[in-house]
Amino acid sequence: MDARRAQIPDAARRCFLRDGFHSTSVRDLFAESGLSAGSVYRHFASEDEMILAIAEENMREVLTLVHTAATTRPGDSVGAVIAEVLDLASRRSAQDDTARPAVPAWSEALRNPALTQQVSSLLGRMRSDLAEVVRGHQESGALPEDVPAESIAGTLVCLLPGCILQLAMLDPTLVAGVTEGVRALWPGPAGA
């Protein structure tokens, strides 16, 4: 059952990459997945639910990585944490082409309140976990305490969409040095 549920967003992702969100019909999704309408609708009530599932799947690893850094690796530098996130985004984009569907999904979020809420929730979780990492750095003196941790975390979250946008639209080698740049901007561990 779980494999079938995963098969549907994978097929939808391929259709969306090939034809775009609005040019993809539900018939296209049935044909691409090799499943009947009943099988697809048993798992997803609409195309919008598939888009939501794809967005969540694309962010799941990133959220786990940031949460793990915030809760179990408090000594990691902010640069190391963000570099790891950007490395993950680059790897996933190279393996599964996750960057290209992200850009139209963001556009779709402008007209789809449920998708807007989902993206906002996912980024809010990431921002919250990064704020914990930042607080550790502020307490150690590695980052200034006169700026709220949430503001610094919000700034760091802004780096991810910029990287994804460039991976989707440009030659991925153009962002290859970004992780080294992030580490250079925030080099020290929290205890330094």
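Before I list who touches whom: contact here means heavy atoms within 4.5 Å.

**Ground rules**

I am working on a predicted model, where local features need pLDDT of at least 70, side-chain atom pairs count only at pLDDT 80 or more, and totals for chains, interfaces and linings use all residues. I number residues from 1 along each chain as its sequence is written, and side-chain values use heavy atoms, with hydrogens and water left out.

**Entry 1: the whole chain**

I looked up the secondary structure and got nine helices and zero strands. Helices here are DSSP runs of H or I with at least four residues, strands are runs of E with at least two, and both are numbered from the N terminus. Read from the N terminus, the order is α-α-α-α-α-α-α-α-α.

Next I checked the dimensions: the C-alpha trace spans about 60 × 30 × 30 Å along its principal axes. The exposed surface comes to about 9,800 Å², and carbon and sulfur atoms supply 55% of that. Accessible areas are from the Shrake-Rupley method with a 1.4 Å probe, and for residues only the protein chains shown count as cover.

I also noted that 41% of the 192 residues count as buried. Buried means under 20% relative accessible area, exposed means over 50%, and partly exposed is in between (1.4 Å probe, protein chains only). Among contacts with a separation of 6 or more, 71% are between residues 24 or more positions apart.

**Entry 2: helix pairs**

I describe two packed helices by the angle between their axes and the distance between the axes. The axes are lines fitted to C-alpha atoms, for helices over the stretch in contact, and the angles run from 0 to 180 degrees between N-to-C directions.

I started with α1 (residues 2-19) and α2 (residues 26-33), whose axes come within 9 Å and cross at roughly 120 degrees. That makes α1 oblique to α2. For the angle classes, under 35 degrees is roughly parallel, over 145 roughly antiparallel, 65 to 115 roughly perpendicular and the rest oblique. The α1/α2 crossing is right-handed. A crossing counts as right-handed if the near helix is turned clockwise from the far one by less than a right angle, and left-handed if anticlockwise.

Which residues of α1 and α2 meet? On the α1 side I find Q7, A11, A12, R14, C15, R18 and D19, and on the α2 side D28, L29, E32 and S33. The residues of this contact split into four nonpolar, two polar and five charged. For those classes, Ala, Val, Leu, Ile, Met, Phe, Trp, Tyr, Cys and Pro are nonpolar, Asp, Glu, Lys and Arg are charged, and the others, Gly among them, are polar.

Then I took α4 (residues 47-72) with α5 (residues 78-96): their axes come within 10 Å and cross at roughly 160 degrees. That makes α4 roughly antiparallel to α5. This crossing is right-handed. From α4, the residues E57, N58, E61, V62, L65, V66 and A69 meet V81, E84, V85, L88 and R92 from α5. I get seven nonpolar, one polar and four charged residues in this contact.

Last pair: α6 (residues 99-109) and α8 (residues 149-169) have axes that come within 8 Å and cross at roughly 115 degrees. The crossing of α6 and α8 is left-handed. A99, R100, A102, V103 and W106 of α6 meet P161, I164, L165, L167 and A168 of α8. The tally for this contact is nine nonpolar, no polar and one charged.

**Entry 3: single residues**

Is S93 buried or exposed? S93, in helix α5, has a relative accessibility of 11%, so I put it down as buried. Not counting residues up to four places away in sequence, S93 touches T98, A99 and L167.

N112 is in the loop between α6 and α7 (113-140). With a relative accessible area of 5%, N112 is buried. N112 and D48 are 64 residues apart in sequence, and their C-alpha atoms are 8.2 Å apart in space.

T116 belongs to helix α7 and is partly exposed at 37% relative accessibility. Leaving aside neighbours within four places in sequence, T116 contacts A109 and L110. From T116 to S77 is 39 residues along the chain and 31 Å between C-alpha atoms.

G136 is in helix α7 too, and I logged G136 as partly exposed, at 24% relative accessible area. G136 and A149 are 13 residues apart along the chain, with 9.4 Å between their C-alpha atoms.
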